[in-house]
Amino acid sequence: MIIFYHLEIATTAMQVKIFAERNLILPTLITINGVVVNQSQFLGILTQAVKIKKQRQFSHLPQKSNLTTMKI
C-alpha cells in the first residue's frame with residue numbers, strides 16, 4: 001500500500017495543471033512523491049483525496065491523519 005499526503009496530491013495536481021496549460025495535453029504519466037501513476041490512477045487518487053477532505057470538513061471529530069492510500 002502506498003500513502004500520499006494531501007499536500008503531495010495538491011502539489012502534483014498543480015504541476016499537472018501547469019503542464020496541461022503549457023502543452024494543451026495531459027501528461028501520460030504523473031509522478032507523486034516519486035511514485036509514477038497513469039492518468040486514470042491519478043484521477044482516482046485525486047477524487048479520493050477530495051472526498052476525504054470534504055468528509056473531514058463536515059466532521060466534528062478530530063482527524064488523525066491527512067492522507068490518501070492507494071494499492072498499485
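**Exercise 1. Placing phenylalanine 4**

In which strand does phenylalanine 4 lie? Then decide whether phenylalanine 4 is buried or exposed.

*Solution.* Work on the predicted model shown above.
- Step 1: find the element. Phenylalanine 4 lies in strand β1, which covers residues 2-5.
- Step 2: check the accessibility. The relative accessibility of phenylalanine 4 is 1%. Buried means under 20%. Phenylalanine 4 therefore counts as buried.
- Step 3: look across the sequence. Asparagine 33 is 29 residues away from phenylalanine 4 along the chain. In space, their C-alpha atoms are 7.8 Å apart.

**Exercise 2. The order of elements**

State how many helices and strands the protein has, and give their order from the N terminus.

*Solution.* 
- Step 1: count. The protein has two helices and four strands.
- Step 2: order them. Starting at the N terminus, the elements run β-α-β-β-α-β.

**Exercise 3. A hairpin**

Describe how strands β2 and β3 are joined, and find the residue with a positive phi in their hairpin.

*Solution.* 
- Step 1: set the limits. Strand β2 spans residues 29-32, and strand β3 spans residues 35-38.
- Step 2: get the direction. The two strands run antiparallel, with four bridges between them.
- Step 3: pick one pair. Isoleucine 30 has valine 37 as its bridge partner in β3.
- Step 4: inspect the turn. Two residues stand between the strands. Asparagine 33 in this hairpin has a positive phi near 45 degrees.

**Exercise 4. Threonine 12 against leucine 29**

Classify threonine 12 and leucine 29 as buried or exposed, and list what each one touches beyond four places in sequence.

*Solution.* 
- Step 1: take threonine 12. This residue sits in helix α1, residues 6-23. Its relative accessibility is 5%, so threonine 12 counts as buried.
- Step 2: list its contacts. Beyond four places in sequence, threonine 12 touches Ile30, Thr31, Ile32 and Phe42.
- Step 3: A polar atom of the threonine 12 side chain lies 2.8 Å from the backbone oxygen of glutamate 8.
- Step 4: take leucine 29. This residue belongs to strand β2. Its relative accessibility is 56%, so leucine 29 counts as exposed.
- Step 5: list its contacts. Beyond four places in sequence, leucine 29 is in contact with Val36, Val37 and Asn38.
- Step 6: Leucine 29 and valine 16 are 13 residues apart along the chain, and their C-alpha atoms are 10.0 Å apart.

**Exercise 5. The core and the surface**

Name the residues of the largest nonpolar core, and say which element gives the largest share.

*Solution.* 
- Step 1: list the core. Its nine residues are Phe4, Ile9, Val16, Ile30, Ile32, Val37, Phe42, Ile45 and Ala49.
- Step 2: sort by element. Helix α1, strand β2 and helix α2 (39-57) each give two or more residues to this core. The largest share, three residues, comes from α2.
- Step 3: recall the background. Nonpolar side chains tend to be buried together in soluble globular proteins.
- Step 4: turn to the whole chain. Of its 72 residues, 22% count as buried. The protein exposes about 5,500 Å², and carbon and sulfur atoms supply 61% of that area.

**Exercise 6. Confidence**

Report the average pLDDT, and locate the stretch where pLDDT is below 50.

*Solution.* 
- Step 1: take the average. The protein averages a pLDDT of 84, and 78% of the residues score at least 70.
- Step 2: locate the stretch. The pLDDT is below 50 over residues 61-65. Beyond near neighbours in sequence, this stretch has two contacts in the model.

Key: Residues are numbered from 1 along each chain as its sequence is written. This is a predicted model: local features need pLDDT of at least 70, side-chain atom pairs count only at pLDDT 80 or more; totals for chains, interfaces and linings use all residues. Side-chain values use heavy atoms; hydrogens and water are left out. Buried means under 20% relative accessible area, exposed over 50%, partly exposed in between (1.4 Å probe, protein chains only). A polar contact is a pair of N or O atoms within 3.5 Å; within protein, one must be able to donate a hydrogen and the other to accept it, and residues adjacent in sequence count only if both atoms are side-chain atoms. Contact means heavy atoms within 4.5 Å. Two strands pair if DSSP finds at least two bridges between them. A nonpolar core is a set of buried Ala, Val, Leu, Ile, Met, Phe, Trp, Tyr and Cys residues joined through side-chain atoms within 4.5 Å. Accessible areas come from the Shrake-Rupley method with a 1.4 Å probe; for residues, only the protein chains shown count as cover. pLDDT is the predictor's confidence in each residue, from 0 to 100.
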